[in-house]
Amino acid sequence: MTVTSETTQIPVRLDIDTFAADFIRAMVHLDRAATRELDKAGIDPRLRELIRIRASQLNGCAYCIDMHTKDARAIGETEQRIYGLASWAETPYFTARERAALAFTETVTRLADTHVPDEAYRAVAAEFSPQEVGALVSLIVTINAWNAIGVSTRAWAPGPYQP
């Protein structure tokens with residue numbers, strides 16, 4: 001069997017960096033604010049990336065999946081946990097705290113369907129302080145906004161294929 005390295009080009013729908021530059025600058029500020037909240041709350045950087053990856057998987061944002069899996073690897077996250085993230089609830093790779101954060105990520109990301117039930121909030125609040133939950137909400141809302149921009153405009157392409 002021959003494996004080729006041909007790739008498909010995904011066309012940009014809208015160069016949002018050009019046509020909504022002020023908005024993108026505001027998004028960058030929002031992202032930095034969320035990161036500051038995560039820093040103040042002491043949320044593990046590896047968990048941050050897992051949350052970003054999982055929300056991006058749910059939203060189908062190829063650019064963000066590519067970026068945040070690379071970022072996760074760069075800070076020491078394992079390939080096994082990154083690969084297992086799509087089925088995290090069925091794997092033993094994640095702590096109770098991480099599982100609570102991932103479950104909360106899913107319910108907030110699927111907001112239109114879940115409306116974040118009290119049970120979901122109680123589960124994350126059992127593992128995280130109010131400051132930490134606030135930081136998690138900041139992160140989840142921000143990555144979902146980035147995903148919405150990326151998926152709707154296809155403004156950014158994932159990095160090149162590397163066999």
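Residues are numbered from 1 along each chain as its sequence is written, and side-chain values use heavy atoms, with hydrogens and water left out. Since the model is predicted, local features need pLDDT of at least 70 and side-chain atom pairs count only at pLDDT 80 or more, while totals for chains, interfaces and linings use all residues.

The largest pocket comes in at about 410 Å³. On a 1 Å grid over the protein atoms alone, a pocket is an open set of points where a 1.4 Å probe fits, with protein on both sides within 12 Å along at least five of seven lines, and lining residues have an atom within 4 Å of a point. A volume is the space filled by probe spheres set on the points, which are joined across faces, edges and corners. Its lining runs to 19 residues, with Ile 10, Ala 62, Trp 156, Ala 157 and Pro 158 nearest the centre. Helix H4 (62-74) and helix H9 (130-153) each put at least two residues into that lining; helices are DSSP runs (H or I, at least four residues) numbered from the N terminus. Sorted by class, the lining has 12 nonpolar, 6 polar and 1 charged residues. Here Ala, Val, Leu, Ile, Met, Phe, Trp, Tyr, Cys and Pro count as nonpolar, Asp, Glu, Lys and Arg as charged, and the others, Gly among them, as polar.

The second largest pocket holds about 200 Å³ of space. Of its 13 lining residues, Asp 31, Tyr 63, Cys 64, Met 67 and Trp 146 sit nearest the centre.

Now for the helix pairs. H2 packs on H9 at about 155 degrees, with the axes 8 Å apart; axes are lines fitted to C-alpha atoms over the stretch in contact, and angles run from 0 to 180 degrees between N-to-C directions. The two are therefore roughly antiparallel (angles over 145 degrees). Residues in contact (heavy atoms within 4.5 Å) include Asp 31 of H2 and Trp 146 of H9. This contact has 14 nonpolar, 3 polar and 4 charged residues.

H8 (residues 118-127) meets H9 at about 120 degrees, again with axes 8 Å apart. Tyr 121, Val 124, Ala 125 and Glu 127 of H8 touch Glu 132, Val 133 and Leu 136 of H9, giving 5 nonpolar, no polar and 2 charged residues.

Terms used. Parallel < 35°, antiparallel > 145°, perpendicular 65-115°, else oblique.
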